[in-house]
Structure formats: C-alpha cells, structure tokens
Number of protein chains: 2
Amino acid sequence: DVMSATKLQECRQHISAQLDGVVDFWLRHSHDAEYGGFFTCIGRDGKVYDDLKYVWLQGRQVWMYCRLYRTLERFHRPEILEAAKAGAAFLRKFARMSSSSSPWKCAFCLTRDGKAVKVQRSIFSECFYIMAMDELSRVIADQDMQLEAEQMMEQLIYWVQVDPSGLGRPRLPGDVATNSMAVPMMLLCLVRQLTEGRDHEAAQKYRELGSWCVAQILQHVQRAGTAILENVSESGAELPGSAGRLQNPGHALEAGWFLLQFSAETGDKEIQKTAIEKFIELPLEYGWDREHGGLFYFLDVDGHCPTQLEWNMKPWWPHCEALIALLMAYSQTKRPELLQRFLQVYDYSFSHFPDEKNGEWVGYLSREGSTVLDFKGGPFKGFFHVPRCLLMCERLLDDLLQMHDE
Amino acid sequence: DVMSATKLQECRQHISAQLDGVVDFWLRHSHDAEYGGFFTCIGRDGKVYDDLKYVWLQGRQVWMYCRLYRTLERFHRPEILEAAKAGAAFLRKFARMSSSSSPWKCAFCLTRDGKAVKVQRSIFSECFYIMAMDELSRVIADQDMQLEAEQMMEQLIYWVQVDPSGLGRPRLPGDVATNSMAVPMMLLCLVRQLTEGRDHEAAQKYRELGSWCVAQILQHVQRAGTAILENVSESGAELPGSAGRLQNPGHALEAGWFLLQFSAETGDKEIQKTAIEKFIELPLEYGWDREHGGLFYFLDVDGHCPTQLEWNMKPWWPHCEALIALLMAYSQTKRPELLQRFLQVYDYSFSHFPDEKNGEWVGYLSREGSTVLDFKGGPFKGFFHVPRCLLMCERLLDDLLQMHDE
C-alpha cells in the first residue's frame, strides 16, 4: 500500500544518510597514517583515547570497506579501497603470533606498532582475519590472498571439529564440551563468505560444513521450541546452571538472518520457517523490554538473574541484527507483522543510538535508554555492526521499493 | 560528645544485627552436605541457582568462618568451625590442579563434585587458599596446615617476583610488565595473615616482602599526588591508554586500610598520613557520585569513558571497604570529618544494599541506586566483603565506645 511505501522510502533515505555519515566518521578518525591499520578506541567526538588495535576490529573494518566498495556504487572510491588495503597489510604483517604452536593463530590485541598484547584461546580473531582477506581478494582479484584465507579456514575447521588443543586452552575434567552458538554462526558466515558467487567447486568444498553449522545452530532451539539457549551440550542437550540457561537475544537474531540467507540459497522452506519463528520472532518476544523498550543483552530462561553485570543494558548491535533479520524476513515473506516489528525496532534504534552532533552511534545504553558508554569505538565496537546493518537494510529497502514501483 | 556516642552506639547495634543475619544466611543456604564445600551462586531468596563452586569464594568463606569463630565470642560455635573444616577439606581435596606444571596451581571454578572447570592465569585462587588454610590452622592448631599455607606462599612469591611463566600466560612482546594494584595488595594481606600474633621469626621471614608490597602500592599514587591509578609500570610510571588511566575507587580504599594496619604495626606515621589522604580521602572525593550517591565501580582519570561496561554501577564491596577504611582512620586519628564521611557511606550502604526480607545484601546497583543483579552470591560475591566489613566495624565501634565510657 501507499502508506507503507512512503514509510519505507523515508526509512531508506534516513538509513542511506546514516550510512554516509558513519563511513565518513571512520574515514576521518580511525586511520593510522603512521603505523598503518586502524585506531579502534575512538571517543564520542572522534578523538582516539587509546591506541591499542584490536584484531577483530581491524579485520572487520577491512571487510566492511571492501564490501561497501564492491557493492554500492557511491562507495566505489579509491580512498576506501586504499584504506582496506592498508588495514589488510597491517593484519598480514602483525596479526599472526610467531610464538604460537600454529602459524595461523592470531593475537586479540596489538600495540599501535603491531606488537601482540593479548591472545584469546578462541577462534574469533582468525575468523575476522579470514573475512577480511577473502573480501579484499575479491576486490583486487588476488588469488594468493584468497588462498591464505582458505588455508586459515582449514586450521579453524581443525580446531573446531577435530582438536582444539592448539588454541592453548587446557581441557579440564569439569569443563564439558559445549556448543556455543557463536562458533557455528561464525563458521556459517565464513562458509558464505568463501563460497558466495564462486564456482561450483568452491560451493562443493564447503557444502558439508555449511550443513553441519546449520545443524549445530538448530540445536540451540530448546524447551520444546520455546527458547533459544546460547550454550548447549555437544549432543544438543540443555546444560545445567547459569551458562545453560543463558539467552542472548541479539545473537539469536543474528543467527536468524544467517539462516534466512542459507534457506534462500538452498531453497529450504523448513529452515526459513524455523529462522523466522524461532530465531527472529521468539527472541524479539522474550528479549524486548516491555517497560522501557529495546533489547536486553542477556536473560536467564528461567527468570533467574543473569550473572553478567551488563545483562539489562541495551547494546547497539542486537538492534542492528534485529533490523537486518526483520527486514530480510519481511522481504522474503511480505508478512505485514514483520514490517511492523521492523518499524518498532527502527524507531527505538534511531531515536536512541545515533549521535547527530558528532556522528556514528553510541554503543551501550542503560535499561532506561540513556547513554552509559559514550565512545564510538571500543574493544568490541568498531566499523562493523552499524554499517553492515545500514548497508544491508538500504539494499533490502531498495529491492522492496523497486518491486513496489513495478 | 554525647551525640556522636549515641550515633555510634546505634550504628554498632545495627551492624551487629546485620552480621548475625548475614552469618545466618550463609549457614542456612550455602552448605553442600552431600559433596562438601559451599554453594556460591545463591539467589535473592537463598535458593541455589547454579552449583558451580568458585575457589576464591570457597577459600574466603573458610577464612571468614574461622575469623568469626576465633575473634567474636558469639560465633565461637561448633557448627561454624565444622563448616570451615568441611570447606577446607573440599579445597584441599579438589582445588589444586593435578594437570598443572606446579603442584600449587589452583583452579578458579569447580563442579559441585570438585572437578576443575576453569583456571585463571593469575594468583588469586591461591591467595584465598592460603588465607583459608592459615586462618583455620590457627583455630585448630594444625602445624601441617600452616606449613602448607607457607609453602604455597613461597610459590606465589616466586610467580610474582621471579618468574610468572608457571601461571600459564605467554609473555607477549607488546604486553608490558605491569604493577596492578591487586597483586601487592593481596600479598600484603597475606603477609599480615601469616605473621599476625606469631613469633619474631615469622615476622622476620616476611618483613622484607611486606615493605616491598607497601612500596609497590605507593607507586599507584600518581599525577603529583592527585590520583590513585589501578595499573602502573613496574618502575612506577604511568602507563598509556585506558588501562593506564583506570581508577577503581573501592580498590584504593581497601588498600587504604591495609596501609593503616601496616602503619599501626610499624608505627610509621608517614604511611598513615598517605593512607588517609591519598588512599581514603582522595578516592572518596573522586569516586563518589555527587548526583546519585554511592561509589562508582571504575573511572578514567582524564574523564574519558571507561571501557568497562559496569563502570557507573554501584557495587557493594567498595562501600564495605570504605566503611572499614573510614572507621579505622577515624579511630586512629579522631578527626571528626572522617566520622562524618563514615556516616555518609553508612547511610548510603544501609539504605541500599541490605535485603531486609530475605537477608544478606544485594551486590550490584545501577548508577541511580536500584538493584540490577539481585542474587546474594555469584561468581565474585560470596561470604566475605559484607561479613568482614561488619565484623571489623563492630570491633572498631566497640573500641571507640569503650574509650568513650572510660
């Protein structure tokens, strides 16, 4: 109808302008012309408050610049490609740990000049390294770089599916093997990254892994389909205690649109249904604060108090994931209640997170919706969730509006 | 004067009643009769919401029971001694990691039946193990147990002063050696634990270490005496970035009363002055929220936003430390403004933290003072800060009131 078309047009204009502003913010404030790479700790006003370089965020920023360059005409600009290349060069030079048992293990955090400060005993630095290299290799058609991404991916798969001991975490007798949602989610994201638009052989190579990731993600649907739990046992059973009861609505929503993409590729309608009902509608139902609006960070499925001190905060990224998930679900199904939900999250997000004066979004609100941490970049917030959301929503809205016109 | 004596008497009665209630809460809810040790995750109403057993909290609870048993007549009860012995037996049986390179390395977290779940690459589990064993050895006059505490202490000193590699953390090129306030504070606390009331030989053995700890703590006075910083370089210089600018007012206040105890033992008036002016009055000045009351968790000395998501929360334990520090400082100096400050913190604490209905204190308030996490025990909150504060304040008030009478 005309009303929703007008509203969608309005959203599209606003999102597009926001994306321009966000890209501009990081181009202006985050580039380290002296040592290469990106500053990741950037204050409210754009000033660098710490020169540590977090590897997750370096990789994500390279990926994001390349994705913008590659998919939106107005970002197909030399300065954006140059920034991505400079970031990738910094990563290739410094991210991998010479002291580790594996040549692929990456640090978590580097000094300004690239010396390792911290290393995590998990796979995520490596995941964002792979995303960066693969996406850049697509832009500059660098087969060595693509091969490097695939080689690191082989190491990741080994750590996840065969033997995690190379990550450096001792296996303790009371530490039961856990399926944490982040791991199959990240791997599914990488499978898509490494195969999208490539030939049959590439798709074939990762097909089995993709199906395994989906099965692992689906194990998190628990309690007769009434809850998504963040951690389950390796056989898909509920785990005891706070860790077993933990819910992370933003993570479930992100998994939701990953599954929607998978179902669109494979034509699997059953997965589409599960994605929408269980990973999108359900977490929005239990994760949304009816009193103050916004999505909680963590919840306990039995209503106990989570032990995470930040449980009742409203972080920016779950709202980004919800916007993508709802708009993608609407665009696949045209169910009007999904558009209604999108507009609800849209109103909350755009009235709370953007800093109109200084640019970009703040990241962490109190339960009541006031800004608690006012920086634009921090150890876990970089040039990623906001622009990825804005880019994807802009494109989804363009497609929806085009169909309207036809 | 009569007014302050009446007020102090009123505080003393309230604190004493609170202590009875808190001890009763843990005696009723935290004992695991089946597997030994203590449940540490205890909900608002006293129910166990997770059966994980955190080693810090096991050790602290053994120490606290013994200290109560040993120093206050009304807690000299068989059930309290038996609980302490049961907790110590559980620790001795399960806390140490058989898989570690050192026979003294302890786990951070155990399953209900004592299997290691997590291990930290730091010294704190071991610190609370030593406190527990030494304090219990005093009660039951067990020299083997005392020797065990001293042997573990030797390992700790080696890790801190000679070579930390046995803790399992790889030394990374960008990770500069840091003097974190927690380390000399804990060691100073242990020096006092291992020497108090013992013979000259014991005092002699740890005298040098005690002086080293004090010197290390004093390095945290920075910015020409206007700030206590949580992390400094090993040579006592300010570190760059957020970590270097971090302030933790509660920690500074705790260090303050540790230094007051040290100055009282050694008769060092200069340290007493520094303790009061720099570690007690100063952090109360910058750490107190003038808008909503209460002590912030973290601050940045230059007014940047800290990166800790919980920075503006009001946790229970800094208020406990402030109460001890201010009352001890008042009792040593009789300066009326210290008593005023004590009463200010007293009013905030007792009107916000205690749960009159279910017993014990809640641990984590929002900046505005409402309860955000409503459990009584969690991964870092056990039977320790609240009862230690109440015990010490009760005794300090008794001494003050007795002097009044004389």
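Arg67(B) is located in helix H2 (residues 55–71) of chain B, where helices (H or I, at least four residues) and strands (E, at least two) are DSSP runs numbered from the N terminus. The model is predicted: local features need pLDDT of at least 70, side-chain atom pairs count only at pLDDT 80 or more, and totals for chains, interfaces and linings use all residues. Residues are numbered from 1 along each chain as its sequence is written, chains are lettered from A and ligands numbered from 1 in the order in which they are written, and side-chain values use heavy atoms, with hydrogens and water left out.

With a relative accessibility of 16%, Arg67(B) counts as buried; buried means under 20% relative accessible area, exposed over 50%, and partly exposed in between (1.4 Å probe, protein chains only). The side chain of Arg67(B) is joined to that of Glu135(B) by a polar contact of 3.0 Å. A polar contact is a pair of N or O atoms within 3.5 Å; within protein, one must be able to donate a hydrogen and the other to accept it, and residues adjacent in sequence count only if both atoms are side-chain atoms. When neighbours within four places in sequence are left aside, Arg67(B) is in contact with Leu72(B), Glu135(B), Gln193(B), Glu196(B) and Leu391(B), contact being defined as heavy atoms within 4.5 Å.

Over all chains, the structure holds 78 salt bridges, each defined as a side-chain nitrogen of Lys or Arg within 4 Å of a carboxyl oxygen of Asp or Glu. One of these pairs Lys205(A) with Glu150(A), with the closest N and O atoms 2.6 Å apart. Lys205(A) lies in helix H7 (residues 200–218) of chain A and Glu150(A) in helix H5 (residues 143–161) of chain A, so this pair ties together parts that are 55 residues apart in sequence. Lys205(A) is partly exposed, at 46% relative accessibility, whereas Glu150(A) is buried, at 13%.

In chain B, a salt bridge connects Arg112(B) and Glu34(B) (3.5 Å, N to O). Arg112(B) is in the loop between strand E4 (109–110) and strand E5 (116–118) of chain B, and Glu34(B) is in the loop between helix H1 (2–29) and strand E1 (41–42) of chain B, so the pair ties together parts that are 78 residues apart in sequence. A relative accessibility of 23% makes Arg112(B) partly exposed, while 61% makes Glu34(B) exposed. Glu265(B) and Arg192(B) also meet in a salt bridge (2.3 Å, N to O). Here Glu265(B), in helix H9 (residues 249–266) of chain B, is linked to Arg192(B), in helix H6 (residues 182–195) of chain B, 73 residues apart. In chain A, a network of salt bridges links Arg12(A), Asp20(A), Arg74(A), Glu394(A) and Asp398(A).

Strand E13 (residues 364–365) of chain A pairs with E14(A) over two bridges, and Leu365(A) has Thr371(A) as its bridge partner in E14(A).

Note on methods
Pairing = 2+ DSSP bridges.
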